Amino acid sequence: MRKLWLALGLIIGLGGAGLLVSSGPTIAGFYADMVLNSKAEKRGMPPVVFPHWLHRIEFKCKVCHPAIFEMRSGSNDIDMSKIISGQFCGKCHNGTISWKPVQCARCHSGQPGLTTGPLLGVK
Ligand code: HEC
Ligand code: HEC
Ligand code: HEC
């Protein structure tokens, strides 16, 4: 009997999670790596892949949202001169909080053709 309740709990639990995941891009983006490619590929660089969850382990949401990034995929007008002058990624990737933005491929690591949004394509 106890096992049955456990199984039921699990099914209801998973169902709930399913609802969350299917409720829109917001929750999908929360877990996924984010692709940023409004300009990169047009300007000869591979798309940027931003590991959202990895950053989330180190920082609370409010460190970045909305102070550094609008919480909507593609809504931040980011370019390298802003990053190098300490905005957006450059708030931390500045050689103090984290590494400097000199090794291009560390951020520009996406396959050609990826579109801005969650990497898993769960749009
Ligand atoms: C280190 C900075 C950082 C932290 C910490 C962070 N995010 Fe983000 N988040 C980003 C960036 C960068 C993007 C992509 C913005 C873009 O595409 O212009 C993003 C995008 C998003 C989006 C938009 C997804 C979409 O598909 O439109 C949501 C929602 C979001 N974050 C929620 C969160 C939540 C909730 C947390 C905490 C659990 C969090 N973020 C922590 C940097 C961060
Ligand atoms: C709030 C500070 C903060 C912001 C903003 C931030 N990062 Fe990071 N990022 C970190 C830290 C800390 C690490 C962990 C590595 C370390 O300890 O230096 C990291 C790690 C990474 C990694 C992991 C891979 C590796 O080689 O270490 C990538 C890729 C990355 N960041 C890209 C970005 C991009 C792209 C942006 C902007 C869209 C961004 N980050 C914005 C702090 C930040
Ligand atoms: C800390 C992460 C990071 C590193 C390291 C990095 N970039 Fe970027 N870069 C970005 C982000 C984020 C964007 C905005 C992507 C978009 O929306 O298209 C971007 C955009 C660009 C663009 C298009 C916009 C513009 O400024 O013209 C070019 C070109 C570019 N990067 C070149 C480089 C080169 C060259 C290097 C190495 C010297 C480099 N990037 C290193 C994160 C990074």
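The mean pLDDT of the protein is 82, and 72% of its residues reach 70 or more; pLDDT is the predictor's confidence in each residue, from 0 to 100. This is a predicted model, in which local features need pLDDT of at least 70 and side-chain atom pairs count only at pLDDT 80 or more, while totals for chains, interfaces and linings use all residues. Residues are numbered from 1 along each chain as its sequence is written, and chains are lettered from A and ligands numbered from 1 in the order in which they are written.

**Confidence**

- Over residues 4-29 pLDDT stays under 50, and the model has 12 contacts beyond four places in sequence for them; two residues are in contact if their C-beta atoms, placed from the backbone, lie within 7 Å.
- Where pLDDT is low, the predicted coordinates should not be read in detail.

**Fold**

- The protein has six helices and three strands, where helices (H or I, at least four residues) and strands (E, at least two) are DSSP runs numbered from the N terminus.
- Read from the N terminus, the order of these elements is α-α-β-β-α-α-α-α-β.
- The strands form an open sheet with the order 2-1-3 and antiparallel pairing; two strands pair if DSSP finds at least two bridges between them.
- Strand 2 and strand 3 (117-118) are at the edges with a single partner strand each, so one side of each has no neighbour in the sheet.
- Strand 1 (residues 34-36) and strand 3 run antiparallel and are joined by two bridges, and Met34 stands opposite Pro118 in strand 3.
- Of the contacts with a separation of 6 or more, 52% are between residues 24 or more positions apart.

**Burial and core**

- Of the 123 residues, 12% count as buried, meaning that 20 or more other C-beta atoms, placed from the backbone, lie within 10 Å of the residue's own.
- The largest nonpolar core consists of eight residues: Ala32, Val35, Leu36, Ala40, Val48, Cys89, Cys107 and Leu119. A nonpolar core is a set of buried Ala, Val, Leu, Ile, Met, Phe, Trp, Tyr and Cys residues joined through C-beta atoms within 7 Å.
- Leu36 lies in strand 1 and counts as buried because it has 23 C-beta neighbours inside 10 Å.
- Beyond its neighbours within four places in sequence, Leu36 is in contact with Pro47, Val48, Phe50, Ile78 and Thr116.
- The C-alpha atoms of Leu36 and Thr115 are separated by 7.4 Å, although the two residues are 79 residues apart along the chain.
- Cys107, leaving aside neighbours within four places in sequence, is in contact with Val48 and Cys89.

- Among the 20 residues around ligand 2, Phe50, Cys89, Cys92, Ser98 and Cys107 come nearest; a residue is near a molecule if its C-beta atom, placed from the backbone, lies within 6 Å of it.
- Strand 2 (48-50), helix 3 (52-58), helix 4 (61-64) and helix 6 (104-107) each give at least two residues to this shell, and the largest share, three residues, comes from helix 3.
- The shell around ligand 2 holds 14 nonpolar, three polar and three charged residues. Here Ala, Val, Leu, Ile, Met, Phe, Trp, Tyr, Cys and Pro count as nonpolar, Asp, Glu, Lys and Arg as charged, and the others, Gly among them, as polar.
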